[in-house]
Amino acid sequence: MTAIHCHNVSRAFDDVVALRDFDLEVPVGTIVSLVGPSGSGKTTALRVIAGFDMPDAGTVVIGDRTVVGPGVNIAPEQRRVGMVFQDYALFPHMTVTGNVGYGVDNGQRAERVREVLDLVGLAEMADRMPHELSGGEQQRVALARALAPEPHVVLLDEPFSNLDAPQREKMRRDVRIILKNAGATAVFVTHDQSEALVVGDIVAVMREGRVVQTGPPHVVYAAPSSPWVASFLGDSVLIEGVASTGQVETFLGVFPHRGREEGPVDVMIRPEWIHPYPDDGGDAFVVDREFYGHDQMLLIELPGGQRVQSRIGPRPLLDPGDRVNLGVDEFVVFGK
Amino acid sequence: MTVQAPIEGHNDPLGAEEMATTARRPRARRPPWWLWAAPVLILIPVLVPVAALFLRVLGATESAWATLFSIRTAELLVRSSLLVVLVTTTSLIVGVAASWILVRSNLRWKSVWGVLVAMPLVIPSYVIALSYLAASGPRGLIADLTGVGLPVASGLGGAWVALTLSTYPYVFLITAAALRRIDPSLEEAAAGLGAHTWRAFRTVALPQLRPSMGAAALLVGLYTLSDFGAVSLMRFDAFTRVIYAQYSGRLDRTPAAVLSVVLILIALALIFGEERTRGRSAYYTQRPSRPLQPRTLRPGARAGAITFLGVIVILGVVVPVSVLVAWVVRGASLGMAVSVDWGAVGGSLVASALAAVVASAAAIPIAVLAVRYTNRATRWLERSVYVTFSLPHITVALAVVFFSVNFLEPLYQSLALLVVVYAAIFLAQATGSARAALLQVNPNLEEAARSLGKGPLAALRDVTVPLIWKGLLAGGALVFLTTMKELPVTLILRPTGFSTLAVRVWSAADELFYARAAASALVLLLVAAVPMYFLVIRNREYVS
């Protein structure tokens, strides 16, 4: 079942195109991370779904109702879409209870507020004013407020960008758990690829106003649809190769090839797919090492002078100058 | 400094500065139609009659054109322009000097001085005129006390003094606000290069003050051009006085209409002229990075500064108030009836309170349209609000009379029409305040309310209005104060039998019953002082 379906949505501001033929499907009960560099139209997409912005063309269906399309334009308040803003946008003149209960009908208000505050773990903060809360607590209140009226879908616009780094990691875990416990469908906008991979059940990568790839985090990471997606989602080593039937030749060696590409191709390899095996007689050597504690990133030079990155665990510790042989686990081939 | 609040509606009468800064991200949704209802309902009863006035004059007979091209009109033009130039010049000098002393020097008791220097804001120009008339002349207070009869302070000189004292506080407030925004390091740099105090002021501060001085000059010029009370008591035949005489004294009202149109055209020329000479970039919005380091005055300069401030406070506040008190005492001792007219007090309070409520209520949708839905149409709405504010009040009153007599007979001389006209001409003050407050409100709050299932009206009621409440109150207080002081519209549009303090003061003074006029004027000051005090107090907590 689809909770949101955006089809061919376009939106331009004066001469800047924010969305062009934007397509997105959000299955019920999933969290979709909408990720892209700044200016790729993520926030505009959210605002169009929420009803704060009107597309120039295209349709948006929420549940089984078309909310925007030819001749249709449902007001934001009738869309049952919960919104969590980047700056939280808590009503400063209302208590936590007032904020969370604002969108709930009178009859069930008290009960529902208690329920949702329990869900986000803020039951004892019910009588505080927003300015008396920490950033993370405000974030939870904003989430509780959006969940309280039981919306079809919750939209989160860069929700962690106002938090400092340690809090951000905790909050993205918590928010995911809260959304999952609530059984909510959510679209989560971020420009941070690691945040997108951690939080989303599905990652939709945006570039220049359209979605260029959609899939589970491990799939889009390991099988990106283009070199651009590959490097946007993480570190990548991009090298040239020549494909012929059954194999690809590169300076790192000859790999088996099952694709149809022939002739010159790009080959993408994640640094963690490249393994250095210490060998005094190896023909490659370590140029530089960045040590991160949980792993290390090595810069390795090949006999031809080409350099590649390799990410390995903390041991064995390799030093600059150490000679190695390289092995490659996985690779992705892109036709030119 | 504690006297910043009253300028909210004044410092930029045309709103041009704010218009230039509203280039926000476009909000695609159209404003709900009902947001337009209140502003249109309030502005139409003023703007349509003004337009009708122009049509009437265009279609008028040859006698109208004869009026227009008579020597008399030329004389009026010269007299009014002379007064505008004189008052604007002295007002700028006094206001800028006072603001520099009170913002940039190390004088003690600056906040007390600030309140005193701004005080003439609550004193209507005709009350200042009345006090100077009642003090001078063979029947005046000074002659009475000393036996030496001074010449009567009327005519051009009297109008000049009275209007300078009424208008310099606006210059003071506007330029003080601008001075506070100037980055102190500029002046310090000048000082570091060896410039002494005067040179630093002249070469660094003054050029930066130019845009705000331009805005202040426009405000003072329009005020002088539109002033009716002071010039008529001073018997100086400026446009407004002659228009009123033509209106009330003759059956043929065409000359009054023709002169009104000329006066409106002059006012519009002033507004658009000032707009064109001002580069948008001249407005700096930068906030100083650190507090200003006050300049130490040398003993001689300090004495001069204190004398200067003392003299303007004596002339602008002490003289008017003590003359009024003295006349009330004198009148009572001579057995004259100086009792307070409670009907007029009630009339003033009711009319001003209604105007304040209506204007503040209409300011809400206007502020929302201007801030949240900035587009061509809403910019025009804002513009017409400020132009309405700048129209000479007597011409608005006449236009409304002519129109309502012909087309809206039942509304002619009704309290409802009077209140709507008040609200329309002072709408800019309420709007300025509401707009400033709304700019502080995060637009996501309203969107959050919408996404929680509330319609635009409910979001406005539950979120926007509670958050701009203080701004609305301040704007309302300002409208209350200005309505209380307003004279020509009240004189011309008030219902039969309806009186206000302003009308009592003016008519008693016009008939030279100074004791009676002084009693009403004192009550007027007491009642007007309340909103002023409120504004000052509110501002103090705003700052801290």
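**Notes on a predicted two-chain model**

1. A salt bridge here is a side-chain nitrogen of Lys or Arg within 4 Å of a carboxyl oxygen of Asp or Glu. A:Asp266 sits in strand 15 (residues 263-269) of chain A and A:Lys336 in the segment after strand 21 (332-335) of chain A, so the pair ties together parts 70 residues apart in sequence. Helices (H or I, at least four residues) and strands (E, at least two) are DSSP runs, numbered from the N terminus.

2. Residues are numbered from 1 along each chain as its sequence is written, chains are lettered from A and ligands numbered from 1 in the order in which they are written, and side-chain values use heavy atoms, with hydrogens and water left out.

3. On confidence, the model scores ipTM 0.87 and pTM 0.83. The mean pLDDT (the predictor's confidence in each residue, from 0 to 100) of chain B is 83, and 86% of its residues reach 70 or more. Within chain B, helix 18 (residues 415-425) has the highest confidence, at a mean of 94, and helix 1 (residues 16-20) the lowest, at 36. Please read residues 1-27 of chain B with care: pLDDT stays under 50 there, although the model has 87 contacts (heavy atoms within 4.5 Å) beyond four places in sequence for this stretch.

4. Back in chain A, the side chains of A:Arg11 and A:Asp53 form a salt bridge (2.9 Å, N to O). This pair links distant parts of the chain, 42 residues apart: A:Arg11 belongs to strand 1 (residues 2-13), and A:Asp53 to the loop between helix 1 (42-50) and strand 4 (57-62). A:Arg11 is buried at 9% relative accessible area, and A:Asp53 is buried at 2%. Elsewhere, A:Asp235, A:Glu272, A:Asp295 and A:Arg311 are linked in a network of salt bridges. Over all chains the count is 22 salt bridges.

5. Now for the interface: 29 residues of chain A and 24 residues of chain B take part in the contact. The area buried between the chains is about 2,200 Å², of which carbon and sulfur atoms give 58%; this is the accessible area (1.4 Å probe) that two parts lose on being put together, summed over both.

6. Which salt bridges cross between the chains? The rule finds 2 across this interface. In one, A:Glu77 meets B:Arg450 (2.7 Å, N to O). In another, A:Arg47 meets B:Glu447 (2.9 Å, N to O), running from helix 1 of chain A to helix 20 of chain B. Both A:Arg47 and B:Glu447 are buried.

7. Finally, have a look at helix 23 (residues 501-510) of chain B: 7 of its 10 residues are buried, so it is largely enclosed by the rest of the structure. Among the buried residues are B:Leu501, B:Val505 and B:Trp506. Just after this helix, B:Leu512 takes a positive phi of about 65 degrees.

Terms used
Predicted model: local features only at pLDDT ≥ 70, side-chain atom pairs only at ≥ 80, totals over all residues. Buried < 20%, exposed > 50% of the residue type's maximum accessible area, 1.4 Å probe, protein only.
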